[in-house]
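Biologist: I'm new to this structure. Could you show me how to read the place where the ligand sits?

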Amino acid sequence: MEVTINETKVSIVRGDITDQATEAIVNAANPGLMGGGGVDGAIHRAGGPAILEECRKIVAQKGRLPTGKAVISGGGNLNAGYVIHTVGPVWHGGSRNEPELLKSAYYECLRLATGNKLGSISFPSISTGAYGYPLDEAAKIAVSAVVSFLEEQSTSLKEVVFVLFDDRTYESYRSALQEVMGSSEAGLPIPD
Ligand code: ADP
């Protein structure tokens, strides 16, 4: 499924983010940036040790990455030239600012991509694996964050892709995009 917002194509695909050829891929990292399970482990395995080495330097310089923030490294052996590492919130039941922090994670990645004049970026489903964020709620926040960023900000990005690993996650993002476009200005027909 795909839609266009201003001049940027937003699409939802099923797949493995480590195969993507967008200029950047996003890693659902943890604050220590030392790799881990899930998509984080997959990115470091596919990208090789250069990414971890760069992450180590970033943490030595700036400290641990706070939840909702993002940093950029090279892409090592990946097709993507860059990895944008962000930390989504751990789900604690919704009373610890989880929705704002999840939105912030997407925004910070999009800002960093724009600041680096990147043309394309792929996102995984941040926080919905080990971090336990309820999928349908996370999908709505993810999709609305991307749509509102593209409606509000000027950006170098021509393409934003959500790369979802399994059918259930793919379906959840697809219906979230349908819902968000139904209520968004970008989804309305152009008046005469
Ligand atoms: P978090 O700790 O932020 O919850 P996880 O990596 O545990 O991150 O899970 C986030 C999502 O990434 C889950 O939907 C998981 O199925 C998915 N995922 C795992 N491996 C990959 C991959 N190679 N490409 C894309 N998505 C992946």
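**Around the ligand**

Modeller: The shell around the ligand has eight nonpolar, six polar and two charged residues; Ala, Val, Leu, Ile, Met, Phe, Trp, Tyr, Cys and Pro count as nonpolar, Asp, Glu, Lys and Arg as charged, and the others, Gly among them, as polar. This is a predicted model, where local features need pLDDT of at least 70, side-chain atom pairs count only at pLDDT 80 or more, and totals for chains, interfaces and linings use all residues. Residues are numbered from 1 along each chain as its sequence is written, and side-chain values use heavy atoms, leaving out hydrogens and water.

Biologist: How many residues surround the ligand, and which are the closest?

Modeller: A residue is near a molecule if one of its heavy atoms lies within 4 Å of it. Here 16 residues surround the ligand, and Asp16, Val39, Ser127, Gly129 and Ala130 are the closest.

Biologist: Which atom of Asp16 lies 2.9 Å from a nitrogen atom of the ligand?

Modeller: Look for polar contacts, pairs of N or O atoms within 3.5 Å. For Asp16, a polar side-chain atom lies 2.9 Å from a ligand nitrogen atom. With Ala130, a backbone N or O atom lies 2.8 Å from an oxygen atom of the ligand.

Biologist: And where does the ligand sit?

Modeller: Rolling a probe the size of a water molecule over the atoms shows where empty space is left. A pocket is an open set of points on a 1 Å grid over the protein atoms alone, where a 1.4 Å probe fits, with protein on both sides within 12 Å along at least five of seven lines; lining residues have an atom within 4 Å of a point. The ligand sits in the largest pocket, meaning that more than half of its atoms lie within 2 Å of the grid points. That pocket is lined by 29 residues.

Terms used. Polar contact = N/O pair within 3.5 Å; in protein donor to acceptor, adjacent residues only side chain to side chain.
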